[in-house]
Amino acid sequence: MQAKIIHEKAERIRDVIRYIRRFKNALVIIYLDDTLLDNNNFMNHIKDICLIHESGLKVILVPGAKKRINQILEASNISWTIHNNCRITGSEAMPLIKMAAFDVSNQIMTALAGEKKTALIGNWVRARGKGVIDGFDYGTSGEIDKLQIESIKTVLDNGFIPIFPCIGWSAAGKPYNISSIELSQQIAIHLKADKLFFIVPDAEISNKKFLIPSEIGTSPEGTVPALNLEEVDLFIKTNESVPKTTEPLIVSDTDSSVSRETSCSKEKIFSLLNMAKTACENGVTRVHIVNGALDGTLPCEIFSDLGSGTMIYSNNYGKIRNMTRDDISGVLNLMQPFVEAGNLLPRTKEMLNSQFQDYIVYELDGAIRACASLISYPDGQMEIAGVAVDKSCSSIGIGPKLIETLVSRAKEQKAKNVFLLTTQTSDWFENLGFTEASISILPEERKAKWTPERGSKVLILKK
């Protein structure tokens with residue numbers, strides 16, 4: 001038991017080290033919703049940002065300022081409206097908007113300084129006014145015209161953390177109010193960031209709040225760990241038809257750290273997903289939507305396979321591929337718990353070295369998380385064997401995809417039958433189209449290895 005516990009701890013540590021190595025010098029853009037400044041976990045988020053910076057990642061922060069701007073404008077009796085997610089004000093509001101935006105940025109810079117991190121607040125954004133669109137005047141609302149990319153890279157290379165207030169200036173020095181969340185997306189696109197994080201209270205995509213299509217896998221906790229771009233569209237389409245609720249989505253009714261006023265609505269999740277999709281389509285490697293009301297969500301999302309939130313990606317995340325000799329140690333390590341539980345027969349390094357061409361593996365961010373093999377026999381039958389899926393990935397649909405891949409290969413090779421032997425997972429395989437058969441159907445070579453002591457059941461693929 002102690003050996004098992006140590007093994008599991010070691011695997012978690014290895015995962016963290018693997019991700020630190022993988023993302024060293026990666027560029028991470030973090031949008032931090034300003035409602036989190038009053039959250040109990042705010043300083044923990046700051047500490048976590050410092051930790052990932054110390055791990056060798058380059059970090060840019062874009063704090064939201066909506067709440068603070070609202071407060072200052074209300075205190076000054078200045079009204080505003082919202083049109084197409086843009087704040088519409090007169091020019092008299094702009095000095096107050098600037099003050100609010102820099103107030104929030106200064107608060108974050110002070111928190112970072114408390115952790116002995118040097119941050120810089122800069123005017124790296126050239127902006128232009130949105131102007132008049134379809135007859136509507138957007139006033140002081142602006143959009144990015146140009147980023148001072150070389151200056152930003154210099155700041156990053158010197159080990160500082162740039163902070164971007166939601167303000168941009170025209171070439172003539174006129175200030176414009178820019179949506180912080182759109183600013184974070186555009187910075188990520190312009191700089192071809194490796195990761196873009198939206199840290200928003202209650203931004204949870206789970207089966208507790210949404211209908212999850214059967215094609216999309218979930219974690220053991222019911223959350224959606226990852227979506228490719230096609231799955232983003234499928235998810236939104238599936239949930240758009242669900243009647244709109246009058247209450248915002250709440251992760252926990254007992255969590256008093258986040259009020260209902262700041263909870264994340266279904267429409268906000270859809271907006272974040274669409275922004276994430278656009279970012280990925282324009283060169284951002286991965287976008288992460290995480291629940292800022294939870295402590296530790298940021299490092300968990302970066303340094304673990306399934307993370308703590310939902311990752312949107314276009315490619316190069318998890319993939320099924322042929323096994324190579326370099327995968328042998330990873331496959332043996334993956335199989336060990338299944339061997340100990342009696343689900344698999346033991347394999348040795350020598351056995352896999354001679355049989356690796358029969359195997360396929362599922363690789364997730366450089367780690368082997370599942371495997372299976374397809375063995376040919378002289379009588380034309382083929383056997384699926386050595387099926388193992390890491391428990392961290394057991395609920396995201398990897399196992400069925402492995403079997404589907406091998407069945408497809410067997411059909412391409414015109415296999416007479418596809419069979420397998422199992423002791424404890426017959427129900428699982430029956431759900432994938434297999435049915436129980438007699439030992440007599442086995443090829444003579446395989447029948448000779450069957451033992452009554454183990455008593456494995458024979459399952460054959462239905463035709």
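In these legends, Ala, Val, Leu, Ile, Met, Phe, Trp, Tyr, Cys and Pro count as nonpolar, Asp, Glu, Lys and Arg as charged, and the others, Gly among them, as polar. The model shown is predicted.

Figure 1. The chain has 463 residues, and 49% of them are buried. Its C-alpha trace spans about 90 × 45 × 40 Å along the principal axes. Take the contacts with a separation of 6 or more: residues 24 or more positions apart account for 72% of them.

**Figure 2. The largest pocket has a volume of about 1,400 Å³.** Its lining is made up of 47 residues. Closest to the pocket centre are Glu11, Asp15, Arg369, Asp390 and Ser392. The lining divides into 12 nonpolar, 14 polar and 21 charged residues.

**Figure 3. Helices and a strand line the largest pocket.** Helix α1 covers residues 2-22, helix α10 covers 328-340, and strand β19 covers 367-376. Each of these supplies at least two lining residues. Which element gives the most? That is α1, with 11 residues.

Figure 4. How many disulfides does a search of the whole structure find? The search finds 0. Is cysteine 166 buried or exposed? Cysteine 166 is buried, at 4% relative accessible area. Cysteine 300, by contrast, is partly exposed, at 40%.

**Figure 5. Helix α12 runs from residue 398 to residue 412.** The helix has 15 residues. From first C-alpha to last it reaches 21 Å, close to the 21 Å expected at 1.5 Å a residue. Which residues of α12 are buried? They are Ile398, Gly399, Leu402, Ile403, Leu406, Val407 and Ala410. Lysine 414 follows the helix, and its phi is positive, near 55 degrees.

**Figure 6. Lysine 116 and aspartate 134 are loop residues with a positive phi.** Most residues other than glycine have a negative phi. Lysine 116 has a phi near 65 degrees. Its loop lies between α4 (94-114) and β5 (119-121). Lysine 116 counts as exposed, at 76% relative accessibility. For aspartate 134, phi is near 55 degrees. Its loop joins the view between β7 (132-133) and β8 (136-137). Aspartate 134 also counts as exposed, at 81%.

**Figure 7. Isoleucine 88 sits in strand β4.** The strand covers residues 86-88. Isoleucine 88 is buried, with a relative accessible area of 12%, so the residue falls under the 20% limit for that class. What does isoleucine 88 contact, leaving aside neighbours within four places in sequence? Its partners are Trp80, Thr81, His83, Phe136, Asp137 and Tyr138. Glycine 397 is 309 residues from isoleucine 88 in sequence. In space, the two C-alpha atoms are 46 Å apart.

**Figure 8. Serine 426 lies in helix α13.** The helix covers residues 426-431. Serine 426 is buried, with a relative accessible area of 12%. Not counting residues up to four places away in sequence, serine 426 touches Lys457 and Leu459.

**Figure 9. Glycine 433 lies in the loop between α13 and β22.** Strand β22 covers residues 434-437. Glycine 433 is partly exposed, with a relative accessible area of 21%. This value is not under 20%, so glycine 433 does not count as buried. Which residues does glycine 433 contact, once its neighbours within four places in sequence are left aside? The contacts are Ile460, Leu461 and Lys462. Lysine 463 is 30 residues from glycine 433 in sequence. Their C-alpha atoms are 8.9 Å apart in space.

Key:
Residues numbered from 1 in each chain as written. Predicted model: local features only at pLDDT ≥ 70, side-chain atom pairs only at ≥ 80, totals over all residues. Heavy atoms only, no water. 1 Å grid on protein atoms, 1.4 Å probe; cavity = no way out; pocket = protein on both sides within 12 Å on 5 of 7 lines; lining within 4 Å. Points joined across faces, edges and corners; volume = space filled by probe spheres on them. Helix = DSSP H or I, 4+ residues; strand = E, 2+ residues; numbered from the N terminus. Disulfide = S-S within 2.5 Å. Buried < 20%, exposed > 50% of the residue type's maximum accessible area, 1.4 Å probe, protein only. Expected span 1.5 Å × (residues − 1). Contact = heavy atoms within 4.5 Å.
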